[in-house]
Amino acid sequence: MENDQLVIAGRSFRSRLIVGTGKYKSGLETQQAIAASGAEMVTVAVRRVNLDRSKESLLDFIDPKKYFLLPNTAGCYTADEAIRAARLAREVGLSDWIKIEVIGDQATLYPDVAATVEATRVLVKEGFIVLPYTSDDIVVARRLVDNGASAVMPLGAPIGSGMGIQNRANLQILRELITAVPLIVDAGVGTASDAAIAMELGYDGVLMNTGIAGAQNPILMAEAMRQAVIAGHAAYIAGRMPRKLYATASSPVEGISK
């Protein structure tokens with residue numbers, strides 16, 4: 001398992017947990033939670049970062065030498081807005097990797113999949129490594145892959161809801177049919193068992209923010225999420241036992257004299 005790493009666009013990560021940086025009470029809490037999570041990739045919203053560094057910034061608490069920064073286009077509602085945010089992130093030296101989020105509905109924060117595909121198409125042509133947040137639709141996932149996405153990141157439930165994996169069948173279909181790029185569950189995770197379920201479905205990673213930041217003890221929850229992702233992935237690799245309708249004795253009775 002030590003050599004079993006998450007590989008995206010040729011880059012390897014030991015941790016399959018990706019964490020966000022919003023909703024924490026302070027920069028220090030953010031820093032401590034990220035450390036406890038064991039994550040190597042950390043996503044930051046381009047629109048919420050003080051990029052000129054003229055005053056205290058989120059980036060003051062995240063060491064770019066220790067963590068791989070993944071800018072995201074949170075808060076964008078059109079393909080053009082997301083494209084501009086990605087270009088800005090690259091201009092200021094954040095990264096040429098980008099997590100694309102194009103929101104299509106304010107109440108549910110569900111993605112505008114047509115705009116997401118378009119933003120992905122444009123940015124891939126400009127040399128970005130694009131990781132799009134999307135729905136659990138296999139047709140959309142295929143279009144994202146065809147347009148050069150380096151990973152596909154379907155939701156498990158609405159962003160920030162903490163409802164856990166609500167679309168298990170759809171996620172299983174995606175896992176079976178999308179093999180060219182990594183699949184990462186993004187959104188909906190509320191507790192450690194949710195993360196474990198996502199990994200037991202065969203997903204390559206999990207991205208979360210509110211599930212950690214919204215916990216009563218974010219640092220302890222970050223540690224729990226770290227362990228859940230490891231355990232869920234190990235269980236998937238190990239292969240679960242078949243489900244049976246009736247009981248089977250743990251100790252075989254065959255060959256025991258009466």
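**Close-up views of a predicted model**

**View 1. Threonine 134 lies in strand β7, residues 129–134.** Strands (E, at least two residues) and helices (H or I, at least four) are DSSP runs numbered from the N terminus. The model is predicted: local features need pLDDT of at least 70, side-chain atom pairs count only at pLDDT 80 or more, and totals for chains, interfaces and linings use all residues. Residues are numbered from 1 along each chain as its sequence is written, and side-chain values use heavy atoms, with hydrogens and water left out. Threonine 134 has a relative accessible area of 1% and is buried (under 20% relative accessible area, with a 1.4 Å probe and protein chains only). Its contacts (heavy atoms within 4.5 Å), not counting residues up to four places away in sequence, are Pro111, Val113, Val140, Leu144, Val152, Met153, Pro154 and Leu155.

**View 2. Valine 130 also belongs to strand β7.** Valine 130 is buried, its relative accessible area being 0%. Leaving aside residues up to four places away in sequence, valine 130 touches Ile98, Ile100, Thr120, Leu123, Val124, Ala149, Ser150 and Ala151. Aspartate 96 is 34 residues from valine 130 in sequence, and the C-alpha to C-alpha distance is 8.6 Å.

**View 3. Strand β10 (residues 205–208) is covered on both faces.** Gly205 and Leu207 on one side, and Val206 and Met208 on the other, are all buried. Strand β3 (residues 17–19) pairs with β10 in the parallel sense over 3 bridges, where pairing requires at least two DSSP bridges between the strands. Isoleucine 18 has leucine 207 of β10 as its bridge partner. Strand β9 (residues 184–186) is likewise paired with β10 in the parallel sense over 3 bridges, and isoleucine 184 has glycine 205 as its bridge partner in β10. From β9 the chain passes through helix α6 (residues 192–200) to β10 in a right-handed β-α-β crossover (with the strands pointing away from the viewer, the path from the first strand over the helix to the second runs clockwise).

**View 4. The largest pocket holds about 710 Å³ of space.** A pocket is an open set of points on a 1 Å grid over the protein atoms alone, with protein on both sides within 12 Å along at least five of seven lines; lining residues have an atom within 4 Å of a point. Of the 34 lining residues, Lys23, Arg48, Ala74, Ile159 and Asn209 are the closest to the pocket centre. At least two lining residues come from each of β4 (41–45), β10 and α7 (210–213), and β4 gives the most, with 3 residues.

Methods: Buried means under 20% relative accessible area, exposed over 50%, partly exposed in between (1.4 Å probe, protein chains only). On a 1 Å grid over the protein atoms alone, a cavity is a set of points where a 1.4 Å probe fits but cannot get out, and a pocket is an open set with protein on both sides within 12 Å along at least five of seven lines; lining residues have an atom within 4 Å of a point. Grid points are joined across faces, edges and corners, and a volume is the space filled by probe spheres set on the points.
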